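This briefing goes through a few local features of one protein chain. Please keep the structure open while reading.

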Amino acid sequence: MAKIAVMGYGTIGSGVVEALSVNKETIAKKAGEPVEVKYILALRDFPGTPIEDKIVHDYKIIAEDPEISVVVETMGGVEPANTFAMAMLRSGKSVCTSNKALVVEYGAELMETAVENHCNFMFEASVGGGIPIIRPLYECLTPDEVTEIAGILNGTTNYILTEMDQKGVSFDDALKQAQALGYAERDPSADVEGGDACRKIAILSSVATGKRVVFTDIHMEGITNVTTADFNYAAALDMSIKLLGVSRMADGKMKSMVAPFLIHSDYPLYNVKDVFNGIMVTGNIVDTLMFFGRGAGKLPTAAAVVADVVKCIKLGSVSGTIPWSRDVLKPENYLDYTNRFLVRLPESASEETQKLFKTEQILRGVVDGEMAVITAPMTEAEYLEAEKTCGQVIGKTRMYQ
């Protein structure tokens, strides 16, 4: 029998315990032996519950117990999660986590420590909830050089944008609805400002390149400035607006960005709606693959954690840890990236103003008192200079290409 511990008994931690109980026979067959939760590290007791006798408050009890082979970390945040995870790995216990903040900050060190101590560090659930993406990206695309990752990586923002698109509600009203349904936190800034998606594209980029990508090096824009008028223009173009995390790799260099993009209806991510996530991966041999599913939630995320647990049990002391080095791969300066833009201007904007934006197409009559121009490809720096010179821009959205 494999005995494991769970550190953190919140939404995901309790989901892991539930999944191991509900599907214990199926999991036992796949692991090659029954899997039992011996300890649950939590701040409080749970008297009168089935887990009452499993609760511990000192992580060292887990680290020092030779019966424990795998530890699940679902505490969230960087500390004390990093300290506890390091202690488990140094004790020769594999660690499986759903904690994106931990992975993006200390992933390289944790993987290195796992290899040194003949155990594993796995983090499938840190990106995409229940969507298998980390291991397929590393293992199934072994023959490929990944040239692009583009994804809807945050279910909260996708729900908000879907409500704005399909029901014509304002950003504020859509956010309130997301909060009422439990999709958004009381402080939604990590989602709506793009930070959550930024951490996830950093993790995917690190897996794809084998080097550490620091999420704060990635240019990030959220969805707080997206309006119903922007969706009116999108509809006129048979498009929608999605918050995308995009990384493009070539010749050892990378361009990476998180921002709202206009995407056409014939593009697969167009139909990823509500709280679902979708991730497109392009390789130089396999071409383009799409991964789709629930990107968050108790049981979908727990399923990804349990899959890692089973993998660790089967590997034992054999290393299956995905390696990326501590060497930092810094994205190129985003001001040098080339994009096309939809730029909203006053209806009275002059031809001279239109020329500033290298106008290829003009849209009139979509929003009262406005017009919009679609630019030729231009660098971010060129766009910002045109916007500054013009001084009349009402709003802008990049076009995914």
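**Backbone, rings, cysteines and a pocket**

Asp-251 is exposed, with a relative accessibility of 80%. The model is a predicted one.

**Backbone angles**

- Asp-251 sits in the loop between β9 and β10. Its phi is positive, about 55°, although Asp-251 is not a glycine.
- Asp-238 also has a positive phi, near 60°, and is a residue other than glycine. Asp-238 lies in the loop between α11 (228-236) and β9 (239-250).
- Asp-238 has a relative accessible area of 38%, so it counts as partly exposed.
- The peptide bond that runs from Glu-79 to Pro-80 is cis, and its omega is near 5°. Pro-80 belongs to the loop between β4 (68-73) and α4 (81-90).

**Aromatic rings**

- The model has 10 aromatic pairs. One of them joins Tyr-159 and Tyr-183: the ring centres are 5.1 Å apart and the planes meet at 65°. Planes over 60 degrees apart count as edge-to-face, so this pair is edge-to-face.
- Tyr-159 is in helix α7 (residues 155-167), while Tyr-183 is in the loop between α8 (171-180) and α9 (189-192). The two residues are 24 residues apart, and their pair links distant parts of the chain.
- Tyr-267 and Tyr-400 form a tilted pair, with 5.0 Å from centre to centre and 40° between the planes.
- Tyr-267 is buried, with a relative accessible area of 18%. Tyr-400 is buried as well, with a value of 17%. The cut-off for buried is under 20%.
- Phe-121, Phe-123 and Trp-324 make up one aromatic cluster.
- Lys-273 lies over the face of Tyr-270, 5.0 Å from the centre of the ring.

**Cysteines**

- How many disulfides does the model have? The count is 0.
- A disulfide needs the two sulfur atoms within 2.5 Å.
- Cys-119 is buried, with a relative accessible area of 1%. Cys-198 counts as buried at 1% relative accessibility.

**The largest pocket**

- The largest pocket holds about 1,100 Å³ of space. Its lining is made of 38 residues.
- Which residues lie nearest the centre of the largest pocket? They are Lys-100, Glu-185, Asp-196, Ala-296 and Gly-297.
- Elements that give two or more residues to the lining are α1 (11-22), α5 (100-116), α7, α9, α10 (195-209) and α12 (298-315). The largest share, 3 residues, comes from α12.
- By class, the lining has 13 nonpolar, 17 polar and 8 charged residues.

Methods: Residues numbered from 1 in each chain as written. Predicted model: local features only at pLDDT ≥ 70, side-chain atom pairs only at ≥ 80, totals over all residues. Heavy atoms only, no water. Phe/Tyr/Trp six-rings, centres within 6.5 Å; stacked < 30°, edge-to-face > 60°. Helix = DSSP H or I, 4+ residues; strand = E, 2+ residues; numbered from the N terminus. Buried < 20%, exposed > 50% of the residue type's maximum accessible area, 1.4 Å probe, protein only. Lys NZ or Arg CZ within 6 Å of the ring centre and 35° of its normal. 1 Å grid on protein atoms, 1.4 Å probe; cavity = no way out; pocket = protein on both sides within 12 Å on 5 of 7 lines; lining within 4 Å. Points joined across faces, edges and corners; volume = space filled by probe spheres on them. Nonpolar A, V, L, I, M, F, W, Y, C, P; charged D, E, K, R; others polar.
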